[in-house]
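Please view the model alongside the text.

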Amino acid sequence: MKILIIDDEKNIRLSLSGILEDEGYEVQSCKDIKEGLGSLEEEDPDVVLLDVKLPDGNGIEALQKIKKRGFRMPVIMISGNSSISDAVKAIKLGAYDFLEKPLS
């Protein structure tokens with residue numbers, strides 16, 4: 001199973017990648033939306049972990065782009081400082097789940 005992590009925090013990417021790879025998953029990580037959307041085309045992941053606040057845009061808007069392009073994989077939103085309204089909006093737009101950082 002391939003998992004794509006899109007998060008601007010290097011330590012989050014490294015930590016999640018290490019944990020998931022130890023569990024036998026293939027992991028690709030990206031630092032921003034542009035890189036992440038490009039990786040979606042190339043890697044065809046089974047699951048995406050997508051941060052809400054990224055340097056080149058809003059992860060919720062990126063979720064809309066992912067869904068608009070016809071990708072069907074589950075997208076799990078992750079955030080360290082988002083509101084309940086962000087979580088509700090993400091779920092309504094098709095996010096599989098919304099998790100708060102730090103992830104345990």
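## Basis and terms

A residue is called buried under 20% relative accessible area, exposed over 50%, and partly exposed in between, using a 1.4 Å probe and protein chains only. Helices (H or I, at least four residues) and strands (E, at least two) are DSSP runs, numbered from the N terminus.

The model is predicted: local features need pLDDT of at least 70, side-chain atom pairs count only at pLDDT 80 or more, and totals for chains, interfaces and linings use all residues. Residues are numbered from 1 along each chain as its sequence is written, and side-chain values use heavy atoms, with hydrogens and water left out.

## Strand β1 and its partners

Strands are said to pair if DSSP finds at least two bridges between them. By that criterion β1 pairs in the parallel sense with β2 (residues 26–30) over 5 bridges, and Ile-6 has Cys-30 of β2 as its bridge partner. β1 also runs parallel to β3, joined to it by 4 bridges; here Leu-4 is partnered with Val-48 of β3.

The elements β1, α1 and β2 form a right-handed β-α-β unit. Right-handed means that, with the strands pointing away from the viewer, the path from the first strand over the helix to the second runs clockwise.

## Strands β6 and β7

Strand β6 (residues 75–79) pairs with β7 in the parallel sense over 4 bridges. With helix α4 (residues 84–92), the two strands make a right-handed β-α-β unit.

Ser-79 belongs to β6 and is buried, at 1% relative accessibility. Contact is taken as heavy atoms within 4.5 Å. Not counting residues up to four places away in sequence, Ser-79 touches Asp-51, Val-52, Phe-98, Leu-99, Glu-100 and Lys-101. Phe-98 lies in β7 (residues 97–100) and is buried too, with a relative accessible area of 12%. Beyond its neighbours within four places in sequence, Phe-98 has contacts that include Val-52, Met-77, Ser-79, Ala-87 and Ile-91. Its C-alpha atom is separated by 5.9 Å from that of Ala-87, 11 residues apart along the chain.

## The largest pocket

A pocket is defined on a 1 Å grid over the protein atoms alone, as an open set of points where a 1.4 Å probe fits, with protein on both sides within 12 Å along at least five of seven lines; lining residues have an atom within 4 Å of a point. Grid points are joined across faces, edges and corners, and volume is the space filled by probe spheres set on the points. The largest pocket has a volume of about 350 Å³.

Its lining comprises 14 residues, with Leu-16, Ile-19, Leu-20, Leu-49 and Leu-103 nearest the centre. α1 (10–22) and β3 (47–51) each supply at least two lining residues, and α1 gives the largest share, 5 residues. The lining divides into 12 nonpolar, 2 polar and no charged residues, where Ala, Val, Leu, Ile, Met, Phe, Trp, Tyr, Cys and Pro count as nonpolar, Asp, Glu, Lys and Arg as charged, and the others, Gly among them, as polar.

## Backbone features

The peptide bond from Lys-101 to Pro-102 is cis, with omega near -5°. Pro-102 sits in the segment after β7.

Asp-44 is not a glycine, yet has a positive phi of about 50°. Asp-44 is located in the loop between α2 (33–43) and β3, and is exposed at 52% relative accessibility.
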